[in-house]
Amino acid sequence: MIKVMFQSRQGSDGGISSFQAFCTSLAARVGTGNMAGVAVALYLGGAGAIFWMWLIALIGMATSFAESTLAQAYKIRDEEGNFRGGPAYYMEYGLGKRWMGIVFSLCLILAFGLVFNAVQSNSIAAAFEVAFGIPNYIVGIALVIGSGIIIFGGLKTISRFAELAVPFMAAAYLIVALYICAVNYTELPDVFMHVIRSAFGLEQAGAGAIGYGVMQAMIQGIKRGLFSNEAGMGSAANAAATATPNPPHPASQGYVQMLGVFVDTIIICTATAALILLSEQLVPGSDVTGIALTQAALEEHVGSWGAIFVAVAILFFAFTSIVANYSYAETNLLFLEHNHASGMLIFRLLVLGMVMFGALGELPLVWTLADVSMGLMAIVNVIALFMLSGVVVWLAKDYNAQRRAGKLPTFDPSKNNKLNKTIPKGIWHK
């Protein structure tokens, strides 16, 4: 996965590089779920929730490979010469079911274009209020201005921003987390054993408590894990489609996006969990949860600047999620509208309006709407992945066979009649 990602840092032929596509998808994955979501999972499901987050990430790496490989195979070129693709496109071309693509696009536009952006801005505003005492409306105005500059700059601007911001924000956060783990290295074995024991109810007193505890850990771990890494929902596949893969084969971008799930959940979510579990801030029944719990835990470890660091980190994490979420929604809006300038302008203004709304509002209704739209996205996408699983298997075998033979894997659709007939003309056909 790592070798494929770094084989090319330059996109060509109208696409972006594999590394840029990786960073764009990781920008959307890494956000509120990694800091606030992990804290909520621990608060509601206990330490065992982290084990189930790990498990869902390993499964999610497979679904991410499938959806990203298909997104590459069935991508198209838009009117500006950029690549576009994702579940809506492989539903239309691969399955011949445009109606299915329309349903998926509407769910994604609602979830990622509007609802999730409100959730991200809400987390930024809450963190800045705790750390600096800045009023929410000021944070909201700043986010609208920053988001607007990038959103109106286009897809390649989003990719360049993500390429710079994502590695920086992830590295800074992980350095702090690793430092804390190093200082507390003698406690780490107990922390990980606590996670494993809690996941299977080995610390609860009675049979009823065991069953309830395991169920809560499983539910919270799976929910927050899926929210964090987005695998199987079809969102990251929209970024995967925009890349010019190197090697020039759809499966190579599938491997790159697998790495995104690994980094998001196995590495970054685990870092947040370690920060919290190594502290004494996780108190059942307490009012401290979400981003405030992560801030309190880091403050305990490093002092008063911990809350400020978390506020800055969530700014990067959630802000890049806002712009990457928008890029996904734009791709699906183009699928529906075919680039009507007026419709795109109205949508961009709605996105910025939801960013402001999120900074100012309480969002229980929005979270419920997000869960529903996410669920619909996942159901529609997984059905499509199942129906196209034969294509995924063929592409993976073709890629791996060429690598074993010492060749640079190259996609030749003429070797598969179904692919040759269904993929859009002019991209992979010679």
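Is F347 buried or exposed?

1. F347 counts as buried, because its relative accessibility is 6% and the cut-off for buried is under 20%. This note concerns a predicted model, and the points below take up ring pairs, one leucine and a helix packing.

2. F347 has a ring partner. Y326 and F347 form a stacked aromatic pair, with 6.0 Å from centre to centre and 25 degrees between the planes. Y326 belongs to helix α14 (residues 305-337) and F347 to helix α15, so the pair ties together parts that are 21 residues apart in sequence. Y326 is buried as well, because its relative accessible area is 0%.

3. Helix α15 (residues 341-360) also holds L345. L345 has a relative accessibility of 43%, so it counts as partly exposed; the class runs between the limits of 20% and 50%. L345 and F152 are 193 residues apart along the chain, yet their C-alpha atoms are separated by 9.0 Å.

4. How many aromatic pairs does a search of the whole structure find? The search gives 12. In one of them, the ring centres of F128 and F132 are 5.2 Å apart and the planes stand at 45 degrees, so this pair is tilted. The label follows because planes under 30 degrees apart count as stacked and those over 60 as edge-to-face, with the rest called tilted.

5. F128 and F132 both sit in helix α6 (residues 98-132); they are four residues apart, which means a separation of about one helical turn. Their surroundings can be given one by one. F128 counts as buried because its relative accessibility is 13%. F132 is at 38% and so counts as partly exposed.

6. Ring pairs also join F51, W52 and F200 into a cluster.

7. Two packed helices are described by the angle between their axes and the distance between the axes. For helix α3 (residues 32-45) and helix α12 (residues 250-277), the angle is about 60 degrees and the axes are 9 Å apart. That angle makes α3 oblique to α12, because the range for roughly perpendicular starts at 65 degrees and the one for roughly parallel lies under 35. The crossing of α3 past α12 is right-handed.

8. Which residues make the contact between α3 and α12? On α3 they are N34, M35, V38, A39 and L42. On α12 they are D264, I268, C269, T272, A273, I276 and L277. Sorted by class, the contact has nine nonpolar residues, two polar and one charged.

Key: Residues numbered from 1 in each chain as written. Predicted model: local features only at pLDDT ≥ 70, side-chain atom pairs only at ≥ 80, totals over all residues. Heavy atoms only, no water. Axes fitted to C-alpha atoms, helices over the stretch in contact; angles between N-to-C directions. Helix = DSSP H or I, 4+ residues; strand = E, 2+ residues; numbered from the N terminus. Parallel < 35°, antiparallel > 145°, perpendicular 65-115°, else oblique. Left-handed = near helix turned anticlockwise from the far one by under 90°. Contact = heavy atoms within 4.5 Å. Nonpolar A, V, L, I, M, F, W, Y, C, P; charged D, E, K, R; others polar. Buried < 20%, exposed > 50% of the residue type's maximum accessible area, 1.4 Å probe, protein only. Phe/Tyr/Trp six-rings, centres within 6.5 Å; stacked < 30°, edge-to-face > 60°.
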